[in-house]
Every structure is written in structure tokens, then in C-alpha cells.
Number of protein chains: 2
Amino acid sequence: MKIDGTPFRTIWLDQDGWSVRIIDQTKLPWSLDILRLTELGQVAHAIRAMQVRGAPLIGATAAYGLCLALRAEPSLAAMEAAAAMLAETRPTAVNLRWALARLLTLLRETPEPARVARAYAEAAAIADEDVAQNRAIGEHGLALIAPFADAGRVVNILTHCNAGWLATVDWGTALAPIYAAHERGIKLHVWVDETRPRNQGAALTAWELGKHGIAHTVIADNAGGHLMQHGAVDLVIVGADRVTRRGDAANKIGTYLKALAAGDNHVPFWVAVPSSTLDWSLCDGIAEIPIEERSAAEVATVTGRAMDGTITTVRLTPKDSPAANPAFDVTPARLLSGLITERGCCAANEASLCGLFPEFALPPPL
Amino acid sequence: MKIDGTPFRTIWLDQDGWSVRIIDQTKLPWSLDILRLTELGQVAHAIRAMQVRGAPLIGATAAYGLCLALRAEPSLAAMEAAAAMLAETRPTAVNLRWALARLLTLLRETPEPARVARAYAEAAAIADEDVAQNRAIGEHGLALIAPFADAGRVVNILTHCNAGWLATVDWGTALAPIYAAHERGIKLHVWVDETRPRNQGAALTAWELGKHGIAHTVIADNAGGHLMQHGAVDLVIVGADRVTRRGDAANKIGTYLKALAAGDNHVPFWVAVPSSTLDWSLCDGIAEIPIEERSAAEVATVTGRAMDGTITTVRLTPKDSPAANPAFDVTPARLLSGLITERGCCAANEASLCGLFPEFALPPPL
């Protein structure tokens, strides 16, 4: 998508043809810092420190991380070690493991001299496929938005966290239908949950919507239920970090609360995910999806821009008060209107998901 | 309650016998600033700027504000004007209007020369009654906590915003049962919602619990649903700013979301209120309770302590992104386990409320 008229992706190869460029998302919305990653350790740090975040982008970044590791040492043992190290950087998003498994499967069969080139080609394919899939998610999701736009009415959409182009290689997942609707001239207004503790909504979603010219209003995470009670939300679209085969969706902490409010107020609640976010090996999301516990400092403090322009971290809690920071929660499938995937929309249950992705259907019992 | 061993109330008369002392709650948890209020305008500012907040404390403060106004000018006209001005400072909490109406009813019948003394006596009565009522709420609420403490087990209670002693004259509403249980040696741990945008949980509840030695953990407002899904919350107790005769409860924005999560996870959800918070004139809380819309700056920015110790306000959102700030939401009675009042606990419906408060029962239809 564009930043001040210039087209960007969130990750791309440098002009040197091998080093990796990313936008340092921890600096947004205050400054657009482009980082150059040249080795595995930098990539692991970028994922862990959330310089890149968002399930699809984490997957693409890990793929390029493996390329950089192979460039330094193309042996099988080094490759396996690098992949294991990258897989540990974040526990919840399944795309990370999906992308690494895809590269490993291919590269284990690839002779060592050809491995680096093939890794770069596959990482590029993962990135390009992500863009194409998100574009398709946008088109399928557009069909859910359009009915609310009768007679030029403004459609009010609520989203949580950032599942925009910044969370993917381009287009986004939850925001892809919004960008598609905007392209078609549908009038939109987006309620942006600030998404404490890391404020991806206030910092990233508000920034990317603003840069693209889409009307939006930032709200505290507490406000969505009240807005839904008063008819101010037509539909909710969020992304996810992992969706089980029965449709339970792990997404940024607080998503579950918004799904409950949507259900209580008969507001459609959709989860937009590329197929790389589907974890066919899991069923019960609440019991089975590992939930990352991040640093208490992310709750106890917040970073923003002080009046003098300096980026400043301030403490919000008394110095002796502990804090806890589960980073994701799981919304049970029963609370979802459905899933928006690159192959179309479906209900959040195994039969419907397997209807779109028959290659993952389990064989019938004997 | 005590601060570092010294007993405090949130509002009291100065040694001069007429000016009013309050704790400036906008400075907590960073410093304990005591303000001296000597005129009506300062009182109105203190309520508006949330130097005092919490429905019961707002009521007591408004009562003393009327005393200061009468001291300057004891005429009926001046009194009515002062009361009207105080009533406009905050729209949602009903205690404000309740306290003013109580004083006006009394003082309209009081000869002008006796008015000031009688106003001070009545304001003191309101404050003392609040303390006694909250103490009673604590005892009644204790009975809800005790069953979870079998065999010395730690009871996990979640609360939202600050309905502790800082929100009242003393003891608090939602936290009164927690203080009562702590007095009885019950082991407790409190999950403290930070309560964006003004962080009354992170700043005030964490502070007062810490000063009293009660174990607690601050969490993002987004986290409560996840904790309930995983059995980490035994019960929820919150306060309210206004409760209708059928039991709908207006409280700090986000309360409704926690009530939905409690319902979805079979966690008891109680609202603790003195009878001055009951608005017998209203029935449908969502349609009828006015919801204060506060400044967008409270969402766009946050104030905390920078690493150099200075209290600093930082901006969280891009400069062109608007923000909205509804300060309360309404939890429908159907989501409440019940109400804890100074006369006992009851179900959140008109029949049960009128059982405890028969003086407000409507006459039977002819």
C-alpha cells in the first residue's frame, strides 16, 4: 500500500539482492525507519521485539531469516538449527512454523550448492502468495461490507489490533476488505481499538488508515461494547494468529471480549485469515493453542510522543504493583459469523472449512 | 483507610472548620497532594477534572461545594444557582444529583441565617452515612467471597476501574468486601483492570490495594476474558455510577464487556452500590442513562512517570487521527449475578430491589 504516495511492502530485498529490508514497526507512527537485516540474529530479534509483527508478516520474515542463515552456512545441520531458533521467537502465530516447515521440506531435498538460491526463491514466493491471498481476502470480504452501504450510507466497521497491510506483506487480512471497499467508492468509517498493551490499533491501524485516507476514530478497548449497544457498529472484522480446524481463533488479547459484545448485539463478527493461519492439527483452541505471555513492562509502561517531540516511555502503575501480560486470547468458533479466506467465506466449523480446503479433510471413519 | 499507617478519608473539613480538604486523585499514584477548596468554582473544577471521582465521593463533594457556595452567599437564589452549576459537572453518576437534592430539600425550608450551619451538618451526615453504608456493603459482600476461600485457598477477584475507598468517603463499594475479607484473614488476589483511558485501575486501585497490603496484579482491559476462560477468576465485583430500578448498571466504560465474559464463563458478577446510586426514576438503563462523552485527548494521550521521574503526558495516536471517549457503559441487569447494597444482596431486578427498599416500590395498579 502507499505511504504518502509511495508504494511499500512491509518486507523486501535490498538493492544488493540478498539483505532484507523491513519497516521498524516499533517506531510507528512517529517515524518511518527502514532497517536492513543481514543475519539470522537480527531477524530473530526483529520478530521477538515486534519490529515486524502480524502472523502473515512473521511467516514471511522467518522465511527470509532462513535465507540469511543459509547464506552464512548452507549445511543441513545449520539450517535445522536456524529454523528451530526462529520457530521459538513467538509461540502463538502458526504462520511462523508454517513458513519454516515449507522451506525445510523443500530445502532438505535440495543439494547444498543450490540451497541458498532456492531458499530466496521460496521466500519470495511466500511473500508474493501472501499479497495475492490478501487481495483475494479483500474481494471476498467486500461482499460482506457492500450490503451495509445501501444508498451511500457510511459503513461502520470495528477492528482490533492491526491486521492491516503492516501485519502482512501487503493489503492486510482484516483491513483488506476495507481497502477493497474503499477502492470501490464505498463510504467507510473504522472504529480502531487502541489495543493495549502495545497499542497496535492506536499506533499502526490508525496510521495506515490515515495514510490511505480512510476515515477512522481511535477508541479505548473498553468502548466497543457500548458502541455496539447503540447501533454504531455494522460489522466487526479482525485477523487471527492461529485458527483451529473447528474454527476457534487465537488473536490479539481482547478479541474474545469484542466477539461476545458482537454476539450480544447481533453484530456480524468475521475473522479474516489466509490459509497459512489455519492450524489443521488442532481442534480445541482454548485448550490447545499456546498463548504467549509477554513482559509485564508492556502493561506497566507505555511509549508515546512527549510534548517536546521526544519518544518517551512512561510508567502507569505504582512501582510495587505487578502486572500480567497474556498477549492473545481465543475466541470460540461459536461466536464467529465466519471466516474470510483467500478461497472465500465460510462458517467457522470443520465441515465448512473443509468445504473450502478439501485437501485438509480427514478421511471418513472406516 | 490507611496510607502508610495513617488513617485517611478522601474528603474532610480543614482545621479551620469550613474549608474542604481532598486528595488530588489526578496526582496518584505518583504523589499524595492534599488540596484545600475554599469556593464553589474550585469544587466544580475538582469534580469536572476528576481530582475527586467515584459516584459516592462526587456526591459528598458536591454537598460540601454547596456549603462553600452558601458561605459566600446564603440566599435561596444563589443556592439554587450553585446547585444547578454543580449538577452539570458530571452527567452519569446519580449520587451527585441525589446529594444536591437532599440538601436543597432541607435548605429550602431552612431560614437563611441557619442555612450554612445546617448545610455543613447535612454534608457531614452524607459523608458519615457513606462510610457506614460502605462498611455494610463490605460485610454483605464478604459472604459472597468467603465460600471460595475453603481450606485457605486464595480467592481471585477481578475488578474494573476504581470503586475502592478513593471512590467513596471511605471503604469503597466494590473493594469494601475485599477489605472486609482481608480483615478476616481470607487470602485474596485481585486482578486490576488498568481501565483505559484514565487508568483508574492501574493508578488508583493498584495504589490503594498496595498501600493496604492486598496482593494484586494489573492487567490490560483486554485480558479479563482470557483469564476467566482459564479459571483464574473466582468472581468479579465492580461499582456503579447509576443503577436503574430494574437493575441495569452504568459503570466505567468496559464493565459491560467483563460482564459478558463472566456470563460466558459462569463467573459470578456482582455490582456493589450504596442506595444513593439507585435511580428509581429510570428503568431501561441503555436507553435512559445519559453517558458522558469526555475529551478525545484522554484517549489520544496518557500520563505517567518518565524514567527521569517527571510526570509526563505522551501522545499515543497519529496526530491526524480522531478519538472518541464515551466514559461509561450500561450492563443490562440480565448479566448481573446481583447487587450488593448496604441493606444486603439481591438479584438485579425490580422485585428484589424493592424487597430491600420497600419505600421505593410502586403502588400496585388499581
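Rings of Phe, Tyr and Trp (its six-membered ring) pair if their centres lie within 6.5 Å; planes under 30 degrees apart count as stacked, over 60 as edge-to-face and the rest as tilted. This is a predicted model, in which local features need pLDDT of at least 70, side-chain atom pairs count only at pLDDT 80 or more, and totals for chains, interfaces and linings use all residues. Residues are numbered from 1 along each chain as its sequence is written, chains are lettered from A and ligands numbered from 1 in the order in which they are written, and side-chain values use heavy atoms, with hydrogens and water left out.

**View 1. A ring cluster joins W280(A), F357(A) and F360(A) through ring pairs.** W280(A) and F360(A) are stacked, because their ring centres are 4.6 Å apart and their planes lie at 5°. W280(A) sits in the loop between β13 (278-279) and α10 (285-288) of chain A, and F360(A) in the segment after α12 (350-356), so the pair ties together parts 80 residues apart in sequence. Helices (H or I, at least four residues) and strands (E, at least two) are DSSP runs, numbered from the N terminus. W280(A) is buried at 11% relative accessibility. F360(A) is partly exposed, at 34%. Buried means under 20% relative accessible area, exposed over 50%, and partly exposed in between (1.4 Å probe, protein chains only).

**View 2. Y64(A) and Y120(A) form a tilted aromatic pair.** Over all chains, the structure holds eight aromatic pairs. In this one the centres are 6.5 Å apart and the planes make 55°. Y64(A) belongs to helix α2 (residues 55-72) and Y120(A) to helix α5 (residues 112-145), both of chain A. The pair links distant parts of the chain, 56 residues apart. Both Y64(A) and Y120(A) are buried.

**View 3. Arginines sit over tryptophan rings in chains A and B.** R71(A) lies over the face of W18(A), 3.8 Å from the ring centre. In chain B, the charged end of R71(B) is over the ring of W18(B), at 3.7 Å from its centre. A charge sits over a ring if NZ of Lys or CZ of Arg is within 6 Å of the ring centre and within 35 degrees of the ring normal.

**View 4. An open antiparallel sheet of three strands runs β3-β4-β5 in chain A.** Two strands pair if DSSP finds at least two bridges between them. Strands β3 (11-13) and β5 (34-37) are the edges, each pairing on one side only. Strand β4 (residues 20-23) is joined to β5(A) by four bridges. I22(A) has L35(A) in β5(A) as its bridge partner. The loop between β4 and β5 of chain A holds P29(A). The peptide bond from L28(A) to P29(A) is cis, with omega near 0°.

View 5. C161(A) is buried, with a relative accessible area of 7%. W171(A) is also buried, at 11%.

**View 6. A cis peptide bond leads from R196(B) to P197(B).** Its omega is near 5°. P197(B) lies in the loop between β7 (188-193) and α7 (200-212) of chain B.
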